[in-house]
Amino acid sequence: MSSQSGGGAPSAAQVKTERLLNLVLVLLYARRPLAKAQIRRLVPQYGQSASTEAFERMFERDKDELRELGIPLVTEDIDAFHDDEPGYRIHQRDYALPDIAFEPDELAVLGLASRTWAQASLAGPAAQALRKLRAAGVERDTESLIGIEPRLRTAEPAFDAVKDAVVRRVPLTFTYRRPEAAEGAERRVQPWSLVSWHGRWYLNAWDLDREAPRVFRLSRISGTVRRAGRPGSFEVPADHEPRVMVDSMAGSATQSSPAMLRVRVGAGHALRLRARTVGEVDDEWSLVDLDYGDVWSFAEEVAGYGADVVVEQPPELVDAVVERLRGTLAAHGGGGS
Amino acid sequence: MPPAPQETATARLARLLTMVPWLVNRQGIDLEEAAADLGVSTEQLEADLQLLFLCGYGQMPDELIEADWEGGRVFVGNADSIARPLRLGVDETVTLIVGLRALREVPGLDERDAVDRALAKLEAAAGEAADPASRVLAEVADDTSADLLARARTALATRRRVHLRYLVPARDEATERDVDPMRVVGIDGRWYLEGWCHRAEDTRLFRLDRVEELSVLDVDGTPPPQAAERDLSEGTFRPAPDDLVVTLRLLPGATWVSDYYPVESLEEVPATEGGGQVVRIATADTAWLHRLLRRLGGRGYVTEPADVVAEVREGAAAALAGYPRRTAAGER
């Protein structure tokens, strides 16, 4: 990982880092825009290039890469007599982070905010950002006093590509597998926002083929996410509310209905915790009265308890539970249906 | 974990441009301490200083950056034009703003005022770079009572032992335990208390929404020296070496299982053979597996080993026996 510190020829990456750093220093130091020929003289690594063409190609690439890093390298006229030749420089006022004085408690919460990403693909930028803010300050480790460690994970392979597209407003295409479908389908979208909700990442987007807003779960995107347009090539509606959209489309709040369950004594703890009333029937059974939302998901939960929980009411819940259990039995070679 | 990829020239440049102001403001800092705080090895830091030493706004000696680390103390000078950090980039701004906003939603957080002040300053400094941050939204964890979270944090801060009444849904058990708290972590949408459990005599993660009761005891709660924080980078589930490995066939409606549970291996099944997946899952006890399979209602099933198949079949039959009218007499 480390480059060689003494002896031996420096690696290509090392030479390039030196070249880029010298270029930044030269352009920041300049009081006036510099012409390419001056830059070639001042940055020794350019002086070594074989031809003017080779130098110019290299310089063009370097310029793009510095701008990609967020370094404000600008093109300006050198003076009135040289208006056919552009000059280059970096203005200190645009380069430097504004002077912000953070209080110790503010630095502590910033530290916590940065470490929220410690186990995610954005761990690098998060640590770098904090280091920049703390460059001037004398920090004390007061984060631990807050006593909590929030952690976001980005285990979904599509995360980085989708995040970049959301941040830069780039249209995307990807293969999306719906939960009930055997095969994935191609989707073309304008990505609006990215939301972590109940521990999972969701993409809110405008689906270009369906001409409607859609919510995509990142873990169901398979294969490569491809850019399908230029950055900033669409607008996100001003009234788009990321959380509201995920809430309304991914989660479904339904009405609740009452159920009566027979629960074995010493079992069904989570159900008892939610119960309106719990009555003792005998030494073996309790009667638990509670409310449930969606019949299918509650039937799954009840079926999970197996022989420890029996539905008394309502009949539709009994049907749903029995269907699950029969399905399980048949899939494992039982029943005679 | 894959090996760390080779650092690119531009990535290294970005790191150096952050490192220089940091060092300029800490003249004479110990080399090893600086490396640790900067998150690099000592060798890497020395290589970085060596590189800085070769760079300048010109190539005359007085134009080059001064870097000196002899005697293990680091001095960096003649770097005025990069003595302030580069503005925050888009990803950097997004991580901090999204992180602070997530922190703001933590129930009962005493530091909310500090979060708001930090957010205001950061948004002002970031300018337009703050705009994309409004399109990324993260929630650390949901629905845990502020009261429970506050009591867990108090116990941690005052180093007190806690008594828990804790539900283990996988085994449908309510357990009583004394725990020495180590940290409170919000991950994958849930809050957990990690601590030394005196009942298990081991480190355990307790999901706060499964805690029925938490009382702070008037007993010292310093965890024993062997208590080690678990690495949560792969999630909260931890398979053990002697776990049973079970092969599951997941039909298309049940492939969420491989999203939720860490799998040993995963194979996609082509659509011509019904689609879905075949996964292998390691598990210490099969109670949760039985529960999962009954929930799936046949959309996922065990293919191996055979004794687990038989157990699941018997469990489902026993549960159906609770509905005698639907199974025997009701169907003719």
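**Where the chains meet**

A: Strand β5 (residues 185-197) of chain A pairs with strand β4 (residues 136-138) of chain B. The two run in the parallel sense, over 3 bridges. Here A:Leu194 has B:Val136 of β4(B) as its bridge partner. Strands are DSSP runs of E, at least two residues, and helices are runs of H or I, at least four, numbered from the N terminus. Two strands pair if DSSP finds at least two bridges between them.

A word on the model itself. It is predicted: local features need pLDDT of at least 70, side-chain atom pairs count only at pLDDT 80 or more, and totals for chains, interfaces and linings use all residues. Residues are numbered from 1 along each chain as its sequence is written, while chains are lettered from A and ligands numbered from 1 in the order in which they are written.

Now the whole contact. It takes 105 residues from chain A and 109 residues from chain B. Two residues are in contact if their C-beta atoms, placed from the backbone, lie within 7 Å. On the side of chain A, helix α1 (residues 12-29) gives the largest share, 12 residues. By class, that side holds 59 nonpolar, 27 polar and 19 charged residues. Ala, Val, Leu, Ile, Met, Phe, Trp, Tyr, Cys and Pro count as nonpolar; Asp, Glu, Lys and Arg as charged; the others, Gly among them, as polar.

Step back to chain A. It has 12 helices and 12 strands. Strands β6 (residues 200-207) and β7 (residues 212-217) of chain A pair in the antiparallel sense over 6 bridges. There, A:Trp206 stands opposite A:Pro213 in β7(A).
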